[in-house]
Amino acid sequence: MATRIVSLIGNPRPESRTRAAAVQAAELVGGRIGPVEQEVLDLSALAPALGAPSASAAVEAAVQTVLDADVLVVASPTYKGAYTGLLKTFLDRLSSGALASTVALPLMVMGDARHALAVEVHLRPVLVELGAFVPTPGGVLLESQFDQADKVLDAWARRVAPQVEAAVSCISY
């Protein structure tokens with residue numbers, strides 16, 4: 001059975017560099033853990049519906065996609081030293097413990113290395129609160145590294161893939 005990897009993109013800009021990095025990271029991790037099915041959930045397309053007082057069918061489908069993931073690559077640019085409000089708004093729709101059967105891989109794209117701890121200090125705790133198993137370390141890609149994103153993301157995938165593979169095996173039992 002194939003492992004289902006969903007890339008959840010929290011950048012409000014469609015077709016962003018954050019999306020490109022998340023998709024690439026998911027492919028690199030997926031290539032190391034065996035047969036996978038990949039899906040991309042770009043929250044920029046849901047932004048207007050996420051702000052509505054009641055959930056739309058599209059938002060409910062997006063929530064279900066996340067809940068059905070075995071591995072969730074959660075990617076956001078760094079805004080004000082943390083992840084985006086768009087991602088926060090979406091994650092707030094999930095109940096505490098909702099990701100108990102999910103491995104979550106936080107990935108943040110940032111302009112300055114001074115924000116490198118944001119992935120561990122801000123994004124990891126919310127994923128843990130939602131019940132996900134979150135391997136160490138979270139991924140960080142500096143804007144200055146985009147020309148070498150393959151190398152940076154491959155090194156990260158190499159470090160976390162064994163943890164992901166072990167966790168997916170345990171969770172599926």
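The following exercises, each with a worked solution, concern a predicted model.

In this model local features need pLDDT of at least 70 and side-chain atom pairs count only at pLDDT 80 or more, while totals for chains, interfaces and linings use all residues. Residues are numbered from 1 along each chain as its sequence is written, and side-chain values use heavy atoms, with hydrogens and water left out.

**Exercise 1. Determine the strand order of the sheet and state which strands stand at its edges.**

Solution. Strands (E, at least two residues) and helices (H or I, at least four) are DSSP runs, numbered from the N terminus. Two strands pair if DSSP finds at least two bridges between them.
- Step 1: the open sheet has five strands in the order S2-S1-S3-S4-S5, with parallel pairing.
- Step 2: S2 (36-42) and S5 (139-142) each have a single partner strand, so one side of each lacks a neighbour in the sheet.
- Step 3: S1 (residues 3-9) and S3 (residues 71-77) are joined in the parallel sense by five bridges; Ser7 has Val73 as its bridge partner in S3.

**Exercise 2. Identify which strands helices H3 and H6 touch.**

Solution. Contact means heavy atoms within 4.5 Å. Axes are lines fitted to C-alpha atoms, for helices over the stretch in contact, and angles run from 0 to 180 degrees between N-to-C directions.
- Step 1: H3 (residues 57-67) packs on the sheet through S1, S2 and S3, its direction making about 145 degrees with that of S2.
- Step 2: H6 (residues 149-171) touches S1, S3, S4 (103-110) and S5, and its direction makes about 165 degrees with that of S4.

**Exercise 3. Examine the backbone at Glu15, Lys80 and Pro137.**

Solution. Most residues other than glycine have a negative phi, and most peptide bonds are trans.
- Step 1: Glu15, in the loop between S1 and H1 (17-33), has a positive phi of about 55 degrees; its relative accessible area of 65% makes it exposed.
- Step 2: Lys80, in the loop between S3 and H4, has a positive phi near 55 degrees and is exposed at 87%.
- Step 3: a cis peptide bond, with omega about -5 degrees, joins Thr136 and Pro137; Pro137 belongs to the loop between H5 (118-129) and S5.

Note on methods. Buried < 20%, exposed > 50% of the residue type's maximum accessible area, 1.4 Å probe, protein only.
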